[in-house]
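Here's a quick walk through the model, chain by chain. Have the viewer open and follow along.

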Amino acid sequence: MTTATGPRLSRRINELVFLAFCWTATAIAILFLAAILWSLLSQGVGGLDLNIFTKSTPAPGSEGGLINAILGSLMMCVVAMIGAVFVGILAGTWLSEYARDSHYGKVIRFLNDVLLSAPSILVGLFVYEILVAPVKGFSGLAGAVALGLLAAPVITRTTEDVLRLQPTALREASVALGAPVWRTILAVIWKSARGGMLTGALLAFARISGETAPLLFTALNNQFLSFDLTKPTANLPVVIFNFALSAYDDWRRLAWAGALLIAATVLTVTIVARILAREPRRS
Amino acid sequence: MTITAANPPAAAPTTGAPAPPRSAFGSAFDRGFEILCFSAATFLLTALGGIVVSLAIGGWPAFQAFGFNFFVSAEWDPVQEIYGAAGAMTGTLVSASLALLFALPLSFGIAIFLVELCPPVLRRPIGTAVELLAGIPSIVYGMWGLFVFAPWFAKYVQMPIMMSAKPGTFWEAITTGVPNGAGILSASIILAIMILPFIAATMRELLLTIPAQVRESAYGLGSTTFEVVRKVSLPYVRTGAIGAVMLGLGRALGETMAVTFIIGNAHGFPTSIFASGSTIASTIANEFAEATEGLHSASLIALGLVLFIITFAVLALARLLIGRQQHA
Amino acid sequence: MYRKIILSLAACLALSACGQKTDKKGDAAPAAAGAQISGAGASFPAPLYAKWAEAQKAETGMALNYQAIGSGGGIKQIKAKTVAFGASDKPLKGEELDADGLAQFPTVIGGVVPIVNLPDIQPGQLKLTGPVLADIFLGKVKKWNDAPIAALNAGVKLPNLPITVVHRSDGSGTSFLFTSYLTAAAPQWASVGASDAVKWPAGQGGKGNDGVSGYVKQTPGAIGYVEYAYAKQNGLPHASLQNAAGKFVNPTAESFSAAAAGADWEKNPGFATLLINQPGEGAWPITGATFILMHKAQADAATGKAVLGFFDRAYATGDAAASELAYVPLPADLKAKVRASWSAIVGPDGKPVYIPAAQ
């Protein structure tokens, strides 16, 4: 091979530039992550004290905390998850077990993806039109329904994916033993896929716990602690939104503390879900 | 509950649920269960249909009043009750496109880094770090954007550029704006950081589907990493890559909270790189709670329908290109 | 693991169910402990309503949940009956009130002040007039050291910063008061008009009084307009304005009272009187009352009683909190007139829902 330095040099330069670019791109992403986490920690920890978990959101200038918002968000997310898990698991089961190749199944799959990526504020508008305006009242239930509509497609998707992965031999063995189809699904397929289904539920929970836009016109907000979901319910994202945009220092501190709490919850749930997904299937 | 060990099923299909057995008890419940699952799936369809229908019904007065002009006029005058979607649509498309422009090279770089260049011991932590970036709620992005990024941007980018522009020149005309770091450009940068991990994760999964022999043969011939990526990997996953890009675009189009904090909330066409603007989502978030019944409310809902159509089109295109392998 | 998850879910459900039960018991005794009333509207009086609500929750146990979504929002939501009362700085005219069967009454008086973010400028040091303010908000005056501003402020060192206009992005009674003032004081503002949401010729929009003060605080060279309590609580320097009598005044409780002094509250139905550009040497030109909107025919007498009871108590004992936040409490005779007007708010049985105790 002749030593042709011309092309070799340019190839080497291209290669170096490219490698540098890739390393830099990754470094930039890591840098942003670090910057955001650092801001959250440095600004949020300052606002974290026991009051956060004992007192409700204050008027400006008064002392207070975030307990009403935390509990309100938790209640709405739990109610939303109950509905979403019910609908999502059943829908995912249908897509995987009954409709793998049917035309209608393809349509449902596509529309599920559309719902998955739909702007959350449009879901909020829809729920306002059907659950707030006619009933003439903002309510935590309307907020929960909006969140549920956002979580259901995620669960449907992950359930279908994980059920598809189950070996057909399992199904055949169960039916060969004489089990009805529904029993096969419930007792055999769901049982072996339960790790993946739990991961899907956790991911959906992580997604809806940070959602703000759909709650703006449905659950409104509440200055006080209340367990009544048929009335406006305090929730962390809207409280953060209102407090962050204000000019009061104590409100802004609470907003950062709230943001830290939400981010910590979402990140923890996401990490737990990923860890569960990687564990080998227990027999 | 008796499990009937009756006759084995007739013909078992290779996929999905086997054909129901002939026991009367079992088959009735089977049918019931199937109907239950079917209803759940159809419920999703109805919900989506409901969204479209309610947006169309709510927005109809606006379409009727303004006609085609609604899509090309940027007038947003609540006093005169004249509304036009063009300003918000422009803001949405511009911010999403700019976000894509910034995010695309970075996410490709990250994906290729994770697949080709990363030392194996770092692969898991960096992969997790990128996923964490995806998990941060959008309101945190909004707050970080407004309180940390905007002042930094104002001080180190906007002010020097604006101060250096001599009055009366073209350069000044396209760099006027509010020097507080809020505007379409800042919103685009924050959006770019938000969609970065999605595109990177999808690209990475796509690159992992390339058979090892294909890449190894290329390396075996003496190609550099750059050449392998450019001539082998990317063309192999080209269709899926475009689909991934469209998914990122779809996400950026609908983002509300991260944008509302930092876009400046001004209606009308943006006229400079530091101009404030608004997107469809931010306009609805700001104004819906108090829009009086009538044209204002209808125009906002009509905007929502426009956003839905745009997002739907982008998603349909992505689906066509990417198939069903990747997660959103 | 699943058992634990199911148990905790069940516990949460039980918790919310318990909450429902106690509230039902609470409804049986009107305005008793545990009752909850929702109101929404203007951000102008929001800090004060929050303070009153906090104090009254401690006293009576009734939770009045007020959400600041802008005056436009308050009007919309009360018309849609999604809240028990709406709040607006923009008073509705008689015809509009009658069309929807609404009653309207004022609660406090406050002032809208221009706030600026200029280094080294003390509160009240910057002098502005109506026409110059209009030109700033029209985008005609672009820098702080431009001639029109410098002419009014001889001796003040104005920086060479571009002016950043910050207005409201949501429908706002504060905007209504501010634009009404600009319309009255500056003919060039006529093209934009006076309303709670106008087509702003220049600047950025902030959401709520909070949003505007937040933006101004963050942007050197910014000017915005907020209700005075927001300026005071956030230490944002205000500008002094020239009033109808030609004097430059500062926004204080005295100047707001001076503006309210000569007002004839009974002239318009629903006490809809604006206090813009009032004559008087010490009157602040952008003063206004903030109003509550309720339906005359209350679907649930207990709710109506709770709302009126809240405001009755606020009239009686909330003046100190109002003054602390630089709002001006209503004069005693106006309070009496308002209380008398409450007899128009009736329950399903046609009787007034709330009869104030003799004062």
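## Helix α10 of chain B

For a helix, the expected span is 1.5 Å times one less than its number of residues. Helices themselves are DSSP runs (H or I, at least four residues), strands are E runs of at least two, and both are numbered from the N terminus. Helix α10 of chain B covers residues 238-254, and its 17 residues should span 24 Å at 1.5 Å a residue; the end C-alpha atoms sit 25 Å apart, which agrees.

How many of the residues of α10(B) are buried? The count is 13 of the 17, so the helix is largely enclosed by the rest of the structure. Here, buried means under 20% relative accessible area, exposed means over 50%, and partly exposed is in between (1.4 Å probe, protein chains only).

## Ground rules

This is a predicted model, where local features need pLDDT of at least 70 and side-chain atom pairs count only at pLDDT 80 or more, while totals for chains, interfaces and linings use all residues. Residues are numbered from 1 along each chain as its sequence is written, chains are lettered from A and ligands numbered from 1 in the order in which they are written, and side-chain values use heavy atoms, with hydrogens and water left out.

## N286 of chain B

With a relative accessible area of 3%, N286(B) is buried.

So what does N286(B) touch? Leaving out residues up to four places away in sequence, N286(B) touches T260(B) and N265(B), plus S169(C), D170(C) and K207(C). A contact is heavy atoms within 4.5 Å.

## Chain A

Chain A has 10 helices and zero strands. A compact globule of 283 residues would have a radius of gyration near 19 Å, but chain A comes in at 24 Å (taken over C-alpha atoms; the globule rule is 2.2 Å times the number of residues to the power 0.38). Along its principal axes, the C-alpha trace of chain A spans about 75 × 70 × 35 Å.

Of the 283 residues of chain A, 60% count as buried. Chain A exposes about 10800 Å², with carbon and sulfur atoms supplying 69% of it (Shrake-Rupley areas, 1.4 Å probe; for residues, only the protein chains shown count as cover).

## Chain C

Chain C has 13 helices and 13 strands. Of its 359 residues, 58% count as buried. Among contacts in chain C between residues at least 6 apart in sequence, 75% join residues at least 24 apart. Chain C exposes about 13200 Å², and carbon and sulfur atoms supply 58% of that.
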